[in-house]
Amino acid sequence: MRQNAVRGHLDGLLLAVLETGPLHGYAIITAVQQRSNGMLELRTGTIYPALNRLERLGFLRSTWEADGERRRRRYELTDAGRQTLAAERTAWREFTTAIGSVLNPVARPGLAS
């Protein structure tokens, strides 16, 4: 799927996969890919700046964890992040309803077709 299609919804995607618990960057990429049945492939150059921005905004917090000799940054939602995710979901439902109304019109009584 085109990266442009994802761009406006990246924050919501990242917050949604973190809703179930903390993950490191590669696991976030994998979760998005799995949940989308392989349709969405996020790049590290796309998600890490977004994760850093979401953390600066207070929607995520991160901690370092050791994985063998490597250290990974693990991200998790804050309460503000959960509220933002709820707002993203509401906005998404409204957006898809509006677009669906145009792309798949349903004849309504009293309106000319």
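Which residues does Leu18 touch, not counting residues up to four places away in sequence?

**View 1. Contacts of Leu18 in the predicted model.** Leu18 touches Leu23, Ile28, Leu51, Leu60, Tyr75 and Leu77, with residues up to four places away in sequence not counted.

**View 2. The largest nonpolar core.** This core has 22 residues, and those touching the most other members are Leu14, Leu15, Leu18, Ile28, Leu42, Leu51 and Leu60. At least two residues each are supplied by helix 2 (10-18), helix 3 (25-35), helix 4 (44-56) and strand 3. Helix 2 provides the largest share, namely six residues.

**View 3. The hairpin of strand 2 and strand 3.** Strand 2 (residues 60-67) pairs with strand 3 (residues 70-77) in the antiparallel sense, over eight bridges. Within this pairing, Arg61 stands opposite Glu76 in strand 3. Two residues lie between the strands of the hairpin, in which Gly68 adopts a positive phi near 70 degrees.

**View 4. The aromatic pair of Trp92 and Phe95.** The count of aromatic pairs comes to one. In this pair, formed by Trp92 and Phe95, the ring centres are 5.8 Å apart and the planes make an angle of 35 degrees, a tilted arrangement. Both residues belong to helix 5 (residues 79-103), where Trp92 and Phe95 are three residues apart, about one turn of the helix. Trp92 counts as partly exposed because its relative accessibility is 42%, in the range between the limits of 20% and 50%. Phe95, with a relative accessible area of 41%, is likewise partly exposed.

Methods:
Residues are numbered from 1 along each chain as its sequence is written. This is a predicted model: local features need pLDDT of at least 70, side-chain atom pairs count only at pLDDT 80 or more; totals for chains, interfaces and linings use all residues. Side-chain values use heavy atoms; hydrogens and water are left out. Rings of Phe, Tyr and Trp (its six-membered ring) pair if their centres lie within 6.5 Å; planes under 30 degrees apart count as stacked, over 60 as edge-to-face and the rest as tilted. Helices (H or I, at least four residues) and strands (E, at least two) are DSSP runs, numbered from the N terminus. Buried means under 20% relative accessible area, exposed over 50%, partly exposed in between (1.4 Å probe, protein chains only). Two strands pair if DSSP finds at least two bridges between them. A nonpolar core is a set of buried Ala, Val, Leu, Ile, Met, Phe, Trp, Tyr and Cys residues joined through side-chain atoms within 4.5 Å. Contact means heavy atoms within 4.5 Å.
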